[in-house]
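Subject: Structure handover, salt bridges

Hello,

Please find the structure below. My notes on its salt bridges follow.

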Amino acid sequence: DDALHVTPLPDGRVEIGVHIADVSHFIQSGSAVDQEALRRATTVYLVNDVIPMLPRPLCEIACSLNENVERLAFSVVWRMNLDGTLSKKGRKGKNNPKAEDEIW
C-alpha cells in the first residue's frame with residue numbers, strides 16, 4: 001500500500017510525504033510469497049475486480065496504510081514552494097545543523 005500527505009505550512013509552503021508500506025517485515029526474502037509477488041510485480045485494478053500482488057490479509061490489513069494507524073513504512077518527506085519548486089529555505093546540512101527545515 002502507499003499513501004500521500006500534503007500539509008500546508010504557516011509560511012505558505014507545503015510539506016509533502018510519500019509513504020510505502022514495508023512488506024519486507026512480513027515476507028521472507030526468497031519465500032514462495034516473495035517469488036509470487038516478484039512474478040506479479042504489482043496489484044492490478046480492473047473495473048470490477050482487484051488482483052493483488054500480495055495475499056489479501058497482508059495488503060488489506062497488515063500493510064494497509066490507514067490514517068491514524070501505526071504501520072511499518074518507508075517514507076520520504078520534503079517541503080515545496082507553492083509554485084512546485086523544492087524549498088531550500090533553512091536547508092539542514094553539515095554547515096547548518098540547526099536549520100528549521102529538515103528533509104527526512
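This is a predicted model: local features need pLDDT of at least 70, side-chain atom pairs count only at pLDDT 80 or more; totals for chains, interfaces and linings use all residues.

Residues are numbered from 1 along each chain as its sequence is written, and side-chain values use heavy atoms, with hydrogens and water left out.

The structure holds 3 salt bridges, each defined as a side-chain nitrogen of Lys or Arg within 4 Å of a carboxyl oxygen of Asp or Glu.

R39 pairs with E36, the closest N and O atoms being 2.6 Å apart. Both residues sit in helix α1 (residues 32–40), 3 residues apart, so about one helical turn separates them. E36 is partly exposed, at 28%. Helices (H or I, at least four residues) and strands (E, at least two) are DSSP runs, numbered from the N terminus.

R79 and E15 form a salt bridge at 3.7 Å, N to O. This pair links distant parts of the chain, 64 residues apart: R79 lies in strand β5 (residues 73–80) and E15 in strand β2 (residues 14–21). R79 is partly exposed, at 22%, whereas E15 is buried, at 13%.

The side chains of R13 and D11 also meet in a salt bridge, at 2.7 Å, N to O. R13 is buried, with a relative accessible area of 6%, and D11 is partly exposed, at 37%.

Regards

Conventions
Buried means under 20% relative accessible area, exposed over 50%, partly exposed in between (1.4 Å probe, protein chains only).
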